[in-house]
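This briefing sets out selected features of the structure shown below.

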Amino acid sequence: MKLEYNGTEQVPLGKDAVWAFINDPQKVASCLPDVKTVTVHDDKNFDAVVSIGLGPVRGSFKFKITLEPQEGGNRMNVKISGGGFGSVVDLLAGADIKDNGDNTTTLDWSGAATMRGPIATVGGRVLDAQAQKLIAGTFANVKTRMAELG
Amino acid sequence: MTTEKHAMGKSMKRKEDPRFLQGKGNYIDDINLPEQLWMALVHSPYPHANIKGVDSSAAMQVPGAVAVVTSKELNAYKVGWLPTFHGLDKQMVLADGKVLYQYQEVAAVYAETREAAYDMAELVDVDYEPLPVMADPYKSMTDEVILRPDRANATNHIFNWNVGKKAETDAALEASEHVVKQHIKFQRCHAAPLEPCGCIAEFDVMGRLQFYVTSQAPHVYRTALFLVLGIPEDKIRVISPDLGGGFGNKVPVYPGYVCAIAGALVLKRPVKWIETRTENMTSSFARDYHMDIEIGATKEGKVTALKVNTVADHGAFDAAADPSKYPAGMFGIVTGSYDFPNAYANLDAYFTNKMPGGVAYRCSFRVTEASYAIERAMDILADELNIDAAELRRKNFVQPEQFPYQSPLNFIYDSGDYEKTMDVALERIGYKELLKEQAEKRARGELMGIGLSTFTEVTGAGPSKHFDILGIKMFDGAEIRIHPSGSGIIRTGTKSQGQGHETTWAQIVAEELGLDPQNFLVEEGDTDTAPYGLGTYASRSTPVAGGALALAARKIREKARKIAAHVLEVSEHDLEWKDYKFNVMGSPGKSITMQEVAFAAYTNPGDNEPGLETTLYYDPPNMVFPHGTYVAVVDVDRDTGETKVRRFLAIDDCGTIINPMIVEGQVHGGLTEGFAIAFMQEIAYDDEGNNLSTNFTDYLVPTSLESPHWETGHTVTPSPHHPIGAKSVGESPNVGSPAAFVNAVIDALSPLGVKHIDMPLTREKVWSAIRTAEAQAAD
């Protein structure tokens, strides 16, 4: 099952501060909703254990996350893959980072998730809501944390 | 105890039921051996992926962890791959380098407890590299992605099979006054026995493998283990205990079995493995045939030609449990009960990223697919020609005087009287009154449907000149030993999964020998004691082992005749077997019963060989061809799409009936499964190759609440070549009923212009068909 999402967040921080934030695995990981533990391997790779509740699929999912900053500092891609209980989720997300010139930044993000295993049988509407929560929640948290920093 | 001599045809209560009804059956999970380990399997969430690595370090930290095994270890012992039953392909035991379908077995874990084994399986970390997925045979036939690079030919096409005369059939279709065409899909289903599969493997102190396993064919397993593992058969004992249903699911040799044996061998402890429901639902399947059928006919409705082109989805391996020379099973029965002057069937099978199998599901090797296609198409023809569905069938039935009937697709039907059976059914259901009621309801806009299925199936594989599995000919053995008291023991190479052999086998022997069926112990399932036989599936037990039993009993009777002659002091030629005893011809009142002969066989045999026992192997001369007429009456709710099966009548002709109560029970069970297939069941996949039907929440099994009330009856047209004239019935209701249900629903919707809906006919599908038809009518 494939699901696609996109959205826009306005962050009250300059582009350089935003870029520094989203290149810090520890900070990005702290934005994942319902995150239980984070293990940072290097400046681009980290693992996160996240609580999931999707119909009969309940418990902890372990995700491997790779940050892929694009040259020029205008785009960040994130590869998330992992799962649990025989299910896997492969998520490719990315955000275009636009300097608004007024010390605010726009994150224009999109993501596509592929679900496999028992999680894929849960049903589109339930899954959709959860994936939406995971992806939109992450970017919303990014905005909140950055606002706190600002 | 009251004697039930002369038991043939009587509704004797099942001898095995006391232990089942009291919960005292001995199933695989009831068996535990000292020191046993538990095994669990790691399954792939990916339908198609390379395996870059397997990390078992976390799994081995679980308290009680013993070992983790992957294809690497199995390949070291040369058991990484298994031959499939017909020998045309091989199958991975554990994923070797790549996974080819979701839930494929990737690793086996062994632990001190069941719970520890499951915990270990969760923690085995497999690094997958996803590959493009081919979840549809029409996609995989493009060879855009080659799924099986291990095979010699770089193609997803597995085989082509065809039968009949193509040129003549094409010409006849071309010349026909009317031709109907329909694409008909028989969806992917699962046999779904309530008891999943499982096994315990133990190498005893003498190095002999004791293999307890849920098997419908214990002897086939023993020979397969010899072929795969190289262990001679005297060092293997396969024991199949009580089975909680099989329906074809317990025919294949599953990877879990091989891993349990490999674990027991290497770890030197018994290993037990019991499938979870999801494992059972994701390791094999039935059907998945996509059929394009064409019938040519005169405008009066006399059929002239039949042509069927089929695309078969075999999944990741060609593991169909069909006989070696029949890669599409008995699909040639697709001409059904009708006298087609010309016919041609062509089939191409493809690999996809789906679970392998193509086992039966209460179906004799693709007979259900064939029967469904022809019975649907005959209804479509009737609809297009505006001829009553029963009358169209009547015009085209093979006639009683045509038997033995040579079908255009190479079967020789043994016997049948299709018109008689249909007339019994139409009379009993009140067909004329139903048509009248339907006309009145249609006038009021109500949707009522009457569906017929006048099917013929082919069972009893089979004659050794045609049929084998792994090269082993499909005959069956029977052993009978009569004790001095006139009681006895019966052993066969078949294996009941609920068919009631402990009762019916006793009835056959008791009938032949004039003894009491209550006094026979029937033993099956232990290869140390049972004579060789190919097992119970494809409705072969009564046609093959049942024949062996009757002939073995007759052989005993001939031996008994010599002893009887000695006791009565007459020539054996002066004895006549009549009224269940030996009578001296010309001397009324001078006779001896089989019970008395049995005692003499051990006390006073004279110059004859003492004892009274025999083993006999029966190689049937032909298949048997049961038939029936099924009628479904349905009401469809125009607003909701809800179908109510108001009546369902099954008139079966399975030849001589051994036990009418057991036949009725078999028919009830099969009809319930047919109802489920028609309205509820499908192993569905999404485009990404996700299996969406992995449990009983998503794959529905009807309870008595959903099941219609079944009305049953029979006609009897004995098989001329079977020793007791019996055919078979276990699969008839599953073969014959889906078409009756679907024909009834389409008949109900026909005033709206609906021509066909593929199964399962869920409310949603029926509702959508009604809405689409109404929208088209409004345009």
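This is a predicted model: local features need pLDDT of at least 70, side-chain atom pairs count only at pLDDT 80 or more; totals for chains, interfaces and linings use all residues.

A crossing of two helices is called right-handed if the near helix is turned clockwise from the far one by less than a right angle, and left-handed if it is turned anticlockwise. The model as a whole scores ipTM 0.85 and pTM 0.95.

**Chain B overall**

- The mean pLDDT of chain B is 96, and 99% of its residues reach 70 or more.
- Chain B contains 18 helices and 32 strands.
- For 779 residues the globule rule gives 28 Å, and the radius of gyration of chain B, 27 Å, is close to that value, so chain B is as compact as a globular protein of that length.
- The C-alpha trace of chain B spans about 90 × 70 × 50 Å along its principal axes.

**Helices α9 and α10 of chain B**

- Helix α9(B) covers residues 367–385 and helix α10(B) covers residues 389–396; their axes come within 9 Å and cross at roughly 110°.
- An angle from 65 to 115 degrees counts as roughly perpendicular, and α9(B) and α10(B) are therefore roughly perpendicular to each other.
- The crossing in which α9(B) passes α10(B) is right-handed.
- On the α9(B) side, the contact is made by B:Met378, B:Asp379, B:Leu381 and B:Ala382, and on the α10(B) side by B:Ala389, B:Leu392 and B:Arg393.
- By class, the contact of α9(B) with α10(B) comprises five nonpolar, no polar and two charged residues.

**Helices α14 and α15 of chain B**

- Helix α14(B), residues 541–568, packs against helix α15(B), residues 594–603, at an angle of about 85°, with the axes 9 Å apart.
- The helices α14(B) and α15(B) are therefore roughly perpendicular to each other.
- From α14(B), B:Ala560, B:Ile563, B:Ala564 and B:Val567 meet B:Met594, B:Val597, B:Ala600 and B:Ala601 of α15(B).
- The contact of α14(B) with α15(B) consists of eight nonpolar residues, with no polar and no charged residues.

**Interface between chains A and B**

- In the interface, 13 residues of chain A are in contact with eleven residues of chain B.
- On the side of chain A that touches chain B, the elements giving two or more residues are β6(A), residues 87–99, and β7(A), residues 105–116.
- The element that gives the most to this side is β6(A), with three residues.
- The side of chain A that touches chain B is made up of four nonpolar, six polar and three charged residues.

Note on methods
Residues are numbered from 1 along each chain as its sequence is written. Chains are lettered from A and ligands numbered from 1 in the order in which they are written. Two residues are in contact if their C-beta atoms, placed from the backbone, lie within 7 Å. Helices (H or I, at least four residues) and strands (E, at least two) are DSSP runs, numbered from the N terminus. Ala, Val, Leu, Ile, Met, Phe, Trp, Tyr, Cys and Pro count as nonpolar, Asp, Glu, Lys and Arg as charged, and the others, Gly among them, as polar. Axes are lines fitted to C-alpha atoms, for helices over the stretch in contact, and angles run from 0 to 180 degrees between N-to-C directions. Angles under 35 degrees count as roughly parallel, over 145 as roughly antiparallel, 65 to 115 as roughly perpendicular and the rest as oblique. pLDDT is the predictor's confidence in each residue, from 0 to 100. The radius of gyration is taken over C-alpha atoms; the globule rule is 2.2 Å times the number of residues to the power 0.38.
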